[in-house]
Amino acid sequence: MSIFSEEELEKFRKDFMIDSSKDQTSKQVFVETFAKLVENPNATTMATNLFSALDLHNKGFVSTKEIIYTLSIMSARSSEDDKLRLAYNVCDIYKNGYLVREEVRLFLSALFKMSLDGHYEIQSTTVEKTDLLWGLMDPNNTGRANFEEFKNALMQDSYTHAKILDFFSEKNM
């Protein structure tokens with residue numbers, strides 16, 4: 001059972017141009033539609049990363065079920081923990097179940113790029129936040145971080161925590 005009405009589900013199918021015979025959509029369509037859905041032209045990189053997180057087998061498409069599941073996590077009815085888990089999966093670009101510093105840097109760069117307001121120093125902020133977060137995530141210098149370490153680091157960095165929750169929330173849709 002979905003948290004969305006039949007009308008909402010049909011709108012998502014149309015928005016994402018889901019091929020009803022295959023019940024799926026392509027990467028290009030997903031990325032373009034998602035960037036429009038969150039009403040942010042700078043969301044392309046994050047949408048690409050989100051698509052990759054959903055396309056676990058690198059087939060180049062995602063199903064309606066995967067899209068609806070993701071949108072339900074981004075709804076107000078979903079828990080903060082679910083939103084952070086989704087953020088973690090999007091950050092895990094290499095899809096190996098843990099994060100490395102470069103993945104965190106790329107994720108933060110995409111996240112902060114969406115916050116551009118003309119006064120934003122994206123490069124320096126990304127470097128500073130990567131240094132801060134990675135230090136919190138990997139205090140023992142193992143070179144990798146799991147979900148609990150990611151979550152605990154965000155609890156200590158209210159700015160990045162808020163940015164992540166803001167993106168992974170329905171007010172963007």
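Rings of Phe, Tyr and Trp (for Trp, its six-membered ring) form a pair if their centres lie within 6.5 Å, and such a pair is called stacked when the planes are under 30 degrees apart, edge-to-face when they are over 60 degrees apart, and tilted for the rest. The structure shown is a predicted model, in which local features need pLDDT of at least 70 and side-chain atom pairs count only at pLDDT 80 or more, while totals for chains, interfaces and linings use all residues. Residues are numbered from 1 along each chain as its sequence is written, and side-chain values use heavy atoms, with hydrogens and water left out.

**View 1. Ring pairs link Phe30, Phe34, Phe51, Phe167 and Phe168 into a cluster.** Over the whole structure, a search finds seven aromatic pairs. In the pair formed by Phe167 and Phe168, the centres are 4.8 Å apart and the planes stand at 90°, an edge-to-face arrangement. Phe167 and Phe168 are both buried, a word used here for under 20% relative accessible area, whereas exposed means over 50% and partly exposed lies in between (1.4 Å probe, protein chains only).

**View 2. Two arginines lie over aromatic rings, Arg85 over Phe147 and Arg144 over Tyr98.** A charge is taken to sit over a ring if NZ of Lys or CZ of Arg is within 6 Å of the ring centre and within 35 degrees of the ring normal. Arg85 is placed over the face of Phe147 at 3.7 Å from the ring centre, and for Arg144 over the face of Tyr98 the value is 3.6 Å.

**View 3. A salt bridge joins Lys151 and Asp81.** The structure holds four salt bridges, each being a side-chain nitrogen of Lys or Arg within 4 Å of a carboxyl oxygen of Asp or Glu. Between Lys151 and Asp81, the closest N and O atoms are 2.6 Å apart. Lys151 belongs to helix α8 and Asp81 to helix α5, so this pair ties together parts that are 70 residues apart in sequence; helices (H or I, at least four residues) and strands (E, at least two) are DSSP runs, numbered from the N terminus. Asp81 is partly exposed, its relative accessible area being 33%.

**View 4. The loop between α5 (80-91) and α6 (101-113) holds Ile93 and Lys95.** Lys95 has a positive phi of about 55° although it is not a glycine, and its relative accessible area of 30% makes Lys95 partly exposed.

**View 5. Asn141 lies in the loop between α7 (122-137) and α8 (147-155).** Phi of Asn141 is positive, near 55°, in a residue other than glycine. With a relative accessible area of 66%, Asn141 counts as exposed.
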